[in-house]
Structure formats: structure tokens, C-alpha cells
Amino acid sequence: MMDAAALLSTLRARDVRLWIEDAQLKCSAPAGVLDAGLREALASRKQEIMDFLRQAEALKSGPTSIVPIKPGGRRPPIFAVSGHGGDVFCFLPLARHLHVEQPVIGVQPPGLDGTEPLKSVEALARYEIEQIRRYRPGGPYLIAGHCAGGVLAFEVAQQLVAAGQEVALLALIGSPFPTMFGRASLMWVRLSSYAMALTPGGFARKLQLRLERQRAEAVVGPAALTAR
Amino acid sequence: MTAVGLVARLRTVFDINVELATLFERPTIAELSEAIDMLVLTDHRFASRSPSGAREEFDL
């Protein structure tokens with residue numbers, strides 16, 4: 001017994017096209033391709049095929065910036081804005097450790113799927129707020145950002161407050177702070193990384209970073225990565 | 001592999017666009033493969049291989 005996917009696969013190989021129009025299942029096939037067996041399979045699996053096509057359409061409903069990291073729960077959701085990698089999957093372990101009633105919703109920037117990316121923090125914040133407010137039109141808003149995402153989270157919170165919305169939580173996790181790039185702070189980072197490099201784990205980490213850098217250079221070219 | 005990397009690989013290998021949200025809604029390999037099937041089998045960009053040949057069209 002074939003399931004809907006297997007049947008569609010067989011039909012596709014024979015250049016048979018199926019689609020839904022006005023709640024009606026339509027079929028277009030090269031003349032003579034549909035034998036009695038296939039016709040019967042089509043007729044008996046009509047509902048299944050329609051369900052399959054509808055689910056497939058839902059998957060293609062266009063790029064969505066809202067990523068349901070942990071959608072369930074009655075509390076106001078925490079919106080996790082994107083960080084330096086552009087994706088919000090780093091929040092998954094944290095989301096799993098939060099209260100069962102605490103939803104966590106990720107917000108992705110445009111550009112990950114080959115569309116034009118946004119290039120300023122302000123523009124990114126405006127975009128992500130649009131997505132957040134479409135998902136939840138009224139506050140209070142809980143905003144979190146990890147690493148570089150902290151800067152974005154801060155800007156998102158500022159713009160929300162400027163728009164008269166309540167921001168009940170702004171969580172910056174391991175984020176850069178204004179004095180981070182000061183001389184003393186950079187010196188400390190450098191010294192601690194030297195100390196780290198002397199430990200066995202540090203050496204492995206160093207190798208891993210070098211590998212990651214090589215891979216990144218292979219993708220974007222060395223010019224795009226500023227030298228450290 | 002990161003999620004973004006997985007989406008990129010799926011695009012290269014299957015020539016489909018899987019949304020990141022789909023990875024969350026379908027966290028197991030079985031569920032994801034179902035989504036891949038759906039996207040691949042309903043992709044009609046490379047339509048007819050015999051465009052001149054006669055076709056029959058009908059409702060079911």
C-alpha cells in the first residue's frame with residue numbers, strides 16, 4: 001500500500017501535476033500516462049493528497065522571522081533577538097531550562113535565506129519590532145539578546161519605550177558593554193586569552209577557532225573578516 | 001552543524017527552502033523528512049519535460 005508521498009513521487013516521475021483550485025483537486029497529466037491503477041489510487045487517496053498539498057503550501061508560506069523556540073505557556077513570551085550568527089538557536093538550551101509556562105520566541109533578521117540583509121542596528125531593531133508586534137500587538141515586552149544580540153536587544157527596548165510600550169525585562173547575556181573596547185578591558189581580554197592558551201583545553205580551542213576562521217574565509221573572503 | 005547551516009545544506013542538496021521555524025515545528029528527523037518530501041514533491045518549477053506533448057486535465 002502506497003502512502004500519499006510515495007504516490008505523488010510516482011506521479012511526479014511521470015510528469016503528472018496535482019494542485020488545489022477552489023477547494024477542488026486538479027490533475028494534469030501527459031496523455032496516456034494515467035493507467036487504471038493510478039487513476040484508482042488517485043481517487044481513493046484524494047483526501048490524503050489534498051491534506052499533503054495543503055501542508056506543503058503552509059510550509060511555503062514565505063519567510064517568517066518568528067521562530068517558535070518554545071511556543072507553549074501562559075506567561076508573556078520572552079522575545080530572543082538575533083545575535084552575531086544571525087540565528088536564535090543558541091537560546092534553545094536556556095528556553096528548555098525556563099519555567100514550563102514561559103514561552104520563548106526567537107526573532108530572525110532578513111538575509112539568512114539569501115534575501116538582502118539589513119546593515120544597521122537601528123534598522124534591524126525596527127524590523128524585529130515589526131515582527132514582534134505582529135506576533136504580540138501589546139506589551140509588556142520581555143526582550144533578551146545574547147552576545148552581539150545584546151546590542152540589538154538594547155536598541156529594540158529603546159525603540160519600544162520610545163513608542164510608548166512597556167518593556168518589563170531587558171536581558172543582555174554575555175553582551176558587549178560600552179567600556180568593553182577600552183584599553184584596560186582589551187588588555188585584560190588579551191592577557192586572559194594568553195593564560196587560557198597555556199592550558200590544554202585552550203590549545204584545542206585555539207585550533208578550533210583557526211579552523212572556523214579558515215572556513216569563514218572560504219565563504220566570505222579574507223577581506224570581510226577584520227584582522228585581530 | 002548550526003541550524004542556519006542545515007537550512008543552507010538542505011537548499012543545496014534538495015533545492016528547497018526550509019524555514020528555520022520549520023526546524024522547530026518538526027524537531028525530529030522523521031518529521032523533517034516529511035517536510036522535505038512535501039517541498040520536493042510539490043515543486044513544479046521544472047515543469048513538463050514534454051511541453052509539446054498532449055496533456056489531459058481534469059478534476060478529481
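1. Let's start with how two helices cross. Helix 5 of chain A and helix 6 of chain A cross in a right-handed way; a crossing is right-handed if the near helix is turned clockwise from the far one by less than a right angle, and left-handed if anticlockwise. Please keep in mind that this is a predicted model, where local features need pLDDT of at least 70 and side-chain atom pairs count only at pLDDT 80 or more, while totals for chains, interfaces and linings use all residues. Residues are numbered from 1 along each chain as its sequence is written, chains are lettered from A in the order in which they are written, and side-chain values use heavy atoms, with hydrogens and water left out.

2. Two packed helices are described by the angle between their axes and the distance between the axes. Here helix 5 of chain A and helix 6 (residues 149-162) of chain A pack at about 65 degrees, with axes 9 Å apart. The axes are lines fitted to C-alpha atoms over the stretch in contact, and angles run from 0 to 180 degrees between N-to-C directions. The pair is therefore roughly perpendicular, a label for angles of 65 to 115 degrees. Helices are DSSP runs (H or I, at least four residues) and strands are too (E, at least two), numbered from the N terminus.

3. Stay with helix 5 for a moment. A:Glu130 and A:Arg134 both lie in helix 5 (residues 121-135) of chain A, four residues apart, about one turn of the helix. Their side chains meet in a salt bridge at 3.9 Å, N to O (a side-chain nitrogen of Lys or Arg within 4 Å of a carboxyl oxygen of Asp or Glu). A:Glu130 is partly exposed at 46% relative accessible area, whereas A:Arg134 is exposed at 62%; buried means under 20%, exposed over 50%, and partly exposed in between, with a 1.4 Å probe and protein chains only.

4. How many salt bridges are there over all chains? The count comes to nine. One of them links A:Arg39 with B:Glu56, whose closest N and O atoms are 3.2 Å apart. A:Arg39 lies in helix 2 (residues 36-44) of chain A and B:Glu56 in strand 1 (residues 55-59) of chain B, so this pair joins two chains. A:Arg39 is partly exposed at 35% relative accessibility, and B:Glu56 is partly exposed at 25%.

5. Another salt bridge is formed by A:Lys119 and A:Glu116, at 3.8 Å from N to O. A:Lys119 is exposed, with 73% relative accessible area, and A:Glu116 is exposed at 61%.

Technical notes. Angles under 35 degrees count as roughly parallel, over 145 as roughly antiparallel, 65 to 115 as roughly perpendicular and the rest as oblique.
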